[in-house]
Every structure is written in C-alpha cells, then in structure tokens.
Amino acid sequence: MYKLSRSRIFIILAICFAGIFFAVPNLFRDSKNLPSWWQPVNLGLDLQGGSNLLLQVQIDEVLKERMGLLEDSVRQSLRENKIRYANLNSDESSVRVKIISPAAKEKARALFAKLDDGLSVENGEDGFLILQYTDTAVNQLKLKIVDQSIEIVRRRIDELGTKEPVIQRQGTDRIVVQLPGLQNPEDVKYLLGKTAKLSFHLVDSRSSVADARRGKISNTSRLIDGADGGVYVIKRKPVVGGENLVDANVSFQEGQPVVSFKFDSVGGKRFGEATKNNVGEQLAIVLDNKVLSAPTIQTAITGGSGVITGNYTTESAGELALLLRSGALPAPLQVLEERTVGAGLGADSIAEGVTASVIGLIAIVVFMVAAYGLFGIFTTVTVFINLFLLLGVLSLIGATLTLPGIAGIILTIGMAVDANVLIFERMREEVKHGRSTKDAAEAGFTEAWATIVDSNLTTLVAAFVLFYFGTGPVRGFAVTLAIGIATSMFTSVTVTRLIISSWIKRYKPKKLPI
C-alpha cells in the first residue's frame, strides 16, 4: 500500500490535534476565564436565549426634514438673485413657491434645478413652481438612510459589548436586531430610540421668545424647547453639526461628570471661527431637537474640542458619550415587534440537538461495525475526529451556532461515512478479482477518489448557494454543512488511510476484515 511520508503523517496528526485543541472549550460550561482566542462556539438566539427586535426606519421624517432644508436653499437662492416670491412652503414630498414676475419664472426654474441632484421643477397653478425629487432619487435616498441606520445600530450595539449580535435589513425599511444572551432589552431600546442628532447653533439675540411666539421671527431663526424646560430662539443654520464629531468621552469638571467632545479638522475650524466672531453671544448645544445648554461664548475656542455640561450622572454622561461616538441616526427608529427567548428554551433546543446527534452517531457506528467489522471501528474513530475538527473550526472562526446549524452537524455525521463506504466497497470488489490485501486496500482509496470528490463537490456547491441567497439561520446551516464536508473528506480519506496503512504495515494481514 502507498507509504505516507513522515512529514505528511506529522501534518495529518497536527491538524487532528489542533482540531481537538480548539474544540475542547466547548466541553466547559464556564468559558469566561479562558483566553479570547480559545473560546467555544458562539450560540445563537435560539440556543442561548436573548432578545429579538424588529425596528422600522421612519423615512418620512427624513424626507420632511430634507424638504425643509430645500425650502431654506430656495429662499436663499431667490434672495441672492433678487427674485420676488410669495407663499414659499414645504411638506414631506415637495416645496412650493409662487414667483411674482412671470419674466423671472424661467430664471428661477434654472436656479432651482442646480440646487440638488435628482430634483425636478414643475409648473403649478397660479404661477407656482413645485420642486420635488424624482422617484429614482427618493428610492436611492431611502436605501442610503436604511444602510446608514444599520451601520449606526451596529456601532451602538458593539459599544455595549453584546456578543455576536445579528443586525440585518428586512424588506425596504425595517431592521432585525437579534441579541443572544440579553434577556432585558430595555437599555438597548433606549439607546436605539435616541436619534442623537447633535448640532451647535447661535442663539438669536435680536428676537425674544415672546415676539417669536407672536410670529415676529426671522425666517432664518426658529423656536426650540430646552431640556431644562425653557424655550430658545436659535438660528436655523448650525454652526457645526455632529457629523464633524470624531470622539466623545466622560470627564469631570469640579467633581461633576461632563461629556467632552472633539471635532475633526473641518469642524474644529468652523467651531473656532464661530466662537471668535461671536464673543458675548450664546451658543446653543442642540441634541435631538432640544437645547441641552446655551453657554455664553467667553473667548474663541480654537482647539477643536469642548464640553457639554448639565445635571449628568456618570451613567447618563456615559450613555450620551456612547451615542455621540457611534454617530447620529439619519432617521428615528420605531420598535414594531419585541420578542424574548428564554434561556430554558434554548437549553431544551441544545439538549434535543445533542440527543439527535447521539442517536445518529450510534446508528452509524452500529451499521459500520456490522457491515465492515474492524474497518467499521476505524471509521468510528474518524467520525469522532471529524466532530472535533468541525467544532474546532467553528470555534476558531468565531461562528455562531443556531438550531439549523445543529441540523447541519447531524447531516455531516451521516455524510462522514459516505466516502468510507465507497472505499470499502471498492476494496471488496478488488479482493473478488483476486488482488492482494495491500493492493486491494490501495485500489480502494485511489479508485474511489474521483467519485468521492464528485459527490462532495456537488453538496458543497449547494451549501454555497444556500449561503449566498439565504439569510440568518439558513446561512448557519450552510456554514456548518460546508465546513462539515471539508472536515469529513479529510478524515474519511486521509485519516482513515493513515490508520489502515499503519494497521496493514504492523499486522501484515492476508485477508481484509470486511
């Protein structure tokens, strides 16, 4: 029989021992004290329990805000070009404005068309021009909003340290968040419910709150509530926005917790110029459309950093810093559905999966020993090695095991002996044709190889298709199936060959025990 070189034997044994080594943590109930690189397989929501949230992105709110910004741009453009207008207003889908002079209407249309990409300008009744985004532009904006929301949700969840969360799109405007091991999702719901839109606005010192409430307010200013219960008149256009924020942390001033922040170079420059040119004015710090504080600018702040003060506890300051670090959600999120899976249900699923695996393993061992005798025992050894290799690979890559994943493992156990059956049956045929023990064993491995590759390759293609087109649990099944195919081919052919060749070399049998 073909003799394996020492280097090849060493590689085979090294792979087997490495698989067993990385699979060992799965035998411990408590893995918290183990190093991060030597951890058991992560369990999914259906196995260890946890929370499942279905969120809806409030896209209409963003579109309404977008139209408000477009209204400001229209107003500014008309004023700069000295075009008289009336009845300028906006809603969630369009901006309407009446151009008083018919001769200036075409000039205004040309100006509006340049304000933004994907903008259409149509004629309305009584000299009105109607500005609205095309369907293509709106669809692209919606996709962008949901993608940004998913990324921000992922950052916030990661900041919490939740292990192996699942965050993915569902439909056009919904996000599924699965948090394994989290039985109380209230804190997460609070963090995800906060839009965390931060901006800095100058307070309009020329307009009083009383005048603003009577309608005597500049078009460039607006009324806004304060977190302390007060009301402020601030400039609509922010000095600098939260998109220029690069870091936020909890610090202490005079023993009180505050939130320190830092801008990027662009934001730092804008912030420095605004504070330099407006010494003595108030600067409102606005979070989620509420003024947190409005300190008076004492001197120019040119370092690109500052602090947000308030009646914060260490915990609340930490939450605000987390929200600011992870970025602002482009749109509010609404919790449509909330489900909590108990840890007991997950434990029952694991127990049932283990029971099914054990029954399948016993059935395979009984069949192989009954059909192939000693070689069936050799196959049993390789099946156990295959299980350790499979668990070792899953642990090493940090995969998340779900109930469909357990189904993939059970299927792998059944498929692990397919190659051995092909090899042993080929050996029987060669013995019937009068070949020697050594030659028959060699022929069994070499002649069955093409069939083994073909059968496993087609299954592997199916696993890749499931992974590419599937989501969530389907992908978990595909991953365990693909890894199981790879490990079973290694153990069924290479490890079995090493065992049988060593047995033949040592005992030199005159007859194969099959």
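**Notebook: aromatic pairs and nonpolar cores**

I looked up the rings and found Tyr372, Phe375, Phe378, Phe424, Trp503 and Tyr507 linked into a cluster by ring pairs; rings of Phe, Tyr and Trp (its six-membered ring) pair if their centres lie within 6.5 Å. This is a predicted model, in which local features need pLDDT of at least 70 and side-chain atom pairs count only at pLDDT 80 or more, while totals for chains, interfaces and linings use all residues. Residues are numbered from 1 along each chain as its sequence is written, and side-chain values use heavy atoms, with hydrogens and water left out.

I counted 17 aromatic pairs by this rule. I checked Phe261 and Phe271, an edge-to-face pair (planes over 60 degrees apart; under 30 is stacked, the rest tilted), with 6.3 Å centre to centre and 85° between the planes. Phe261 is in strand β14 (residues 256-263) and Phe271 in helix α8 (residues 265-277), so the pair ties together parts 10 residues apart in sequence. I took helices (H or I, at least four residues) and strands (E, at least two) as DSSP runs, numbered from the N terminus.

I then looked up the largest nonpolar core and found 34 residues, with Phe375, Leu394, Ile423, Phe424, Met427 and Ile500 having the most contacts inside it. Such a core is a set of buried Ala, Val, Leu, Ile, Met, Phe, Trp, Tyr and Cys residues joined through side-chain atoms within 4.5 Å; buried means under 20% relative accessible area, exposed over 50%, partly exposed in between (1.4 Å probe, protein chains only). Helix α11 gives this core its largest share, 6 residues.
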